[in-house]
Amino acid sequence: MLSYCAYNSSVLPAWTQNGFSICFLDTVTSSILLAGMVVGGGAQLLVYWMWAIRLEQQFQPQPKGFRIQIILSSLIIIQYIMRIGFSTHYAGHLHGYNELSTIFYILSWMISLALLWTERSKTLMSYSGRGHGIVLLIFWTCALVNETLAFVSWHSPQWWWKLSNKDQKTAFGLWVCRYVLIFLLFVIGFRAPALPRRNYNLMVNEDRNEELTPHPKENVQRSAWAGFWHKTKLIWPYIWPKGHYILQIKVIICLLILITGRVANVYVPVLYKDIGNFIFLLNFIYNHIQQQVTHKLHNG
């Protein structure tokens, strides 16, 4: 019966022979990634299934970035399948941690694909973010950190840094491919090319206003006031939040402060004039008193 770890060793200790134990690292990281995606990703999928609405095709960005993300995620899954196939080919058997970690990694990336597809096709009306959800961002970050931990075990004979045989060369090549794919997905994911750049409510309101607003002829110029009222109607729901009385009171206070500041700016020159006249009067009184005192002292 094959052991769970290679060389009949155990999962612990985690640090051995100048590096992390591959059995320990693959077991722990794959379990953490799968648990995070099952709990966090499952909760997000449930929320989207219950409250999200389908994003209309006309408001979705170009599919090029989304296709790149799908291709990169799919290649990572294929890479894990290839890794377990090469391990079986060169070693003739698989250890328990190979099978467990491969299954967990594949399931984690499949859930990430489901989240990616859901965020592309649906949206929450109450969500005002401009990028991917926190679950996907944390997952891509943890996956990249997981692959980066291999550098810590640079001098460990357990790892494939020496490239002494075909098994190590193949494992190293697959790690390089995996690292590049995850890094690209990490960078592209934070840019979120598959998601709209603007709030869905704002885009829908603008589209409806464009449909209701008649398009003027090219030779007729619209007045400045017409454009002003059109823009005011568009942004008014965001200036005056209906039903939020505390926010409405804050808006009124801000407007009063703004008006007070404008009125004060008008009276600044008048106040400067009054201050100047007062200083001139004080100077005149001081000079008059000085002259009278000097005259009295001179005459005895």
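Is Ile279 buried or exposed? Ile279 counts as exposed because its relative accessibility is 52%; buried means under 20% relative accessible area, exposed over 50%, and partly exposed in between, with a 1.4 Å probe and protein chains only.

The model is predicted, so local features need pLDDT of at least 70 and side-chain atom pairs count only at pLDDT 80 or more, while totals for chains, interfaces and linings use all residues. Residues are numbered from 1 along each chain as its sequence is written, and side-chain values use heavy atoms, leaving out hydrogens and water.

**Overall build**

The protein has eight helices and two strands. Helices (H or I, at least four residues) and strands (E, at least two) are DSSP runs, numbered from the N terminus. Along the sequence, their pattern is α-β-α-α-β-α-α-α-α-α. Of the 300 residues in the protein, 30% are buried.

**The largest pocket**

A pocket is an open set of points on a 1 Å grid over the protein atoms alone, where a 1.4 Å probe fits, with protein on both sides within 12 Å along at least five of seven lines; lining residues have an atom within 4 Å of a point. The largest pocket has a volume of about 1000 Å³, a volume being the space filled by probe spheres set on the points. It is lined by 42 residues, and Ala6, Ile22, Tyr97, Asn98 and Gln158 are the closest to its centre. Helices H1, H2, H3, H4 and H5 each supply at least two lining residues, and H5 gives the most, with seven.

**A salt bridge**

A salt bridge is a side-chain nitrogen of Lys or Arg within 4 Å of a carboxyl oxygen of Asp or Glu. The count comes to one. Glu147 pairs with Arg178, their closest N and O atoms being 3.0 Å apart. The pair links distant parts of the chain, with Glu147 in helix H4 and Arg178 in helix H5, 31 residues apart. Both residues are buried.

**Positive phi values**

Most residues other than glycine have a negative phi.

| Residue | Phi | Relative accessibility |
|---|---|---|
| Gln17 | near 55 degrees | 47%, partly exposed |
| Asn18 | about 60 degrees | 52%, exposed |

**The setting of Ile279**

Ile279 is found in helix H8, residues 245-299. Ile279 also belongs to a nonpolar surface patch, whose members include Val263, Tyr267 and Phe278.

Notes. Patches are made of residues with over 30% relative accessible area and no salt bridge: like charges are joined within 9 Å, nonpolar side chains (Val, Leu, Ile, Met, Phe, Trp, Tyr) within 5 Å. Accessible areas come from the Shrake-Rupley method with a 1.4 Å probe; for residues, only the protein chains shown count as cover.
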